Amino acid sequence: EYLTELGFALSVAGVLSGLFAFASMGTRPLSGILTDRIRHKQLLVGAQVVMALSMLIYSLWPYPVILWVFRTLHGIAFAVSSTVSLVLASEYTPPEKMAEGISYFSTAQIIAMLLGPGLGITLAEAAGAYTCMLGSAATAIPAVLLACFLKGVPVGNDFTQKQTASKSVKLTDFIEVSAIGLSLMNASLTLMVGLGSTFLVSFAAERGIAGVSLHFTVNAAALLIFRVVAARYIGRARLSQILIPSFLTGILSLFCIVWSHSLSLLLLSAILKAISYGLGQPALQTEALRRAGEARRGAASGTVYIGGDMGQAFSGILGGVIAGAFSYTTLFAAAILPLALSLTGVICRRTPSPPHT
């Protein structure tokens with residue numbers, strides 16, 4: 001809305017919006033090695049400062065070159081910030097409660113995602129999209145200040161000082177191989193969420209289903225409640241005991257959409273999707289960090305986030321192609337396949353691993 005209000009063509013606005021996601025995804029491997037080799041507090045502060053300055057600059061001077069450059073920098077800084085934040089969350093949490101801590105950390109992100117769009121729309125309607133963008137830049141200032149006041153991590157979790165012994169850089173420093181499968185599973189979950197966010201309204205209109213906005217309200221509320229309630233379970237259960245229900249409920253959620261001709265099934269789909277994503281995402285993040293070990297948590301965080309970026313970035317691209325060539329029904333049916341493959345992978349690789357801590 002901000003870009004179209006300034007007179008940019010819709011196609012240009014779309015490219016600039018997508019630039020953030022692709023810049024973030026492309027930076028993930030670099031964000032991992034930076035997190036493993038630079039003190040976490042300084043890295044987080046630097047990334048937050050770049051995000052704040054980027055939003056401020058392209059809000060005050062919305063010229064094409066500035067928008068291209070600083071929207072890209074914003075995406076890069078976001079990748080670094082989110083990667084190091086996940087690692088910090090694991091460090092501030094006792095090792096035996098890491099899964100629970102990461103679940104609460106993810107819940108805070110959900111709260112921000114719930115409040116952000118509503119506040120942004122309200123501010124844009126009241127004062128214009130330009131003021132809304134300046135307000136968005138202003139919200140980054142408290143994040144910078146809070147990052148500056150971070151204290152050292154608890155004794156026994158101080159991994160921030162552990163630098164890689166070798167100064168040379170290898171390809172494996174950028175990607176945590178043990179987390180690649182988990183990243184692909186994360187992609188299947190975020191693809192499910194991204195397709196719903198992008199295409200469910202059009203699907204409902206095609207089916208003549210009214211009140212589809214309630215699906216998103218129910219999904220958000222259910223996700224917030226379920227994350228808090230399930231946090232302890234995620235920390236105590238085995239990985240397969242978390243991921244199998246996660247992928248099964250995700251598949252059922254998509255079947256509900258495919259079969260729906262009324263709002264009731266779409267609301268059931270919203271609840272099932274909340275259970276699926278609420279279980280799966282923090283479990284995958286925790287397992288990636290656990291497998292990598294203390295010295296490579298940055299690479300693991302960046303790797304598992306690549307899957308999330310892929311799911312979000314390609315949901316719009318692949319979804320548009322499939323829906324345009326076939327139908328929205330075919331699109332949501334096709335999204336079952338990645339979840340089914342993830343479920344099959346978990347079942348085939350079940351091992352008597354220790355509880356997910």
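Is Phe314 buried, partly exposed or exposed? I looked it up, and Phe314 is partly exposed at 31% relative accessibility (buried means under 20% relative accessible area, exposed over 50%, partly exposed in between, with a 1.4 Å probe and protein chains only).

A note on the ground rules: I am reading a predicted model, where local features need pLDDT of at least 70, side-chain atom pairs count only at pLDDT 80 or more, and totals for chains, interfaces and linings use all residues. Residues are numbered from 1 along each chain as its sequence is written, and side-chain values use heavy atoms, with hydrogens and water left out.

Next, I turned to aromatic pairs and found five in the structure. Rings of Phe, Tyr and Trp (its six-membered ring) pair if their centres lie within 6.5 Å; planes under 30 degrees apart are stacked, over 60 edge-to-face, and the rest tilted. One of them joins Phe22 and Phe314 edge-to-face, with 6.2 Å between centres and 90° between planes. This pair links distant parts of the chain, 292 residues apart: Phe22 sits in helix H2 (residues 10–37) and Phe314 in helix H11 (residues 297–325). Helices here are DSSP runs (H or I, at least four residues), numbered from the N terminus. I also noted that Phe22 is partly exposed, at 37%.

Then I visited Phe255 and Trp259, a stacked pair with centres 4.9 Å apart and planes at 25°. They lie four residues apart in helix H9 (residues 239–259), so about one helical turn separates them. Phe255 is partly exposed at 29%, while Trp259 is exposed at 55%.

Last, I searched the whole structure for disulfides and got zero (cysteine sulfur atoms within 2.5 Å would count). Cys256 is buried at 7%, whereas Cys348 is exposed at 63%.

Technical notes: Helices (H or I, at least four residues) and strands (E, at least two) are DSSP runs, numbered from the N terminus.
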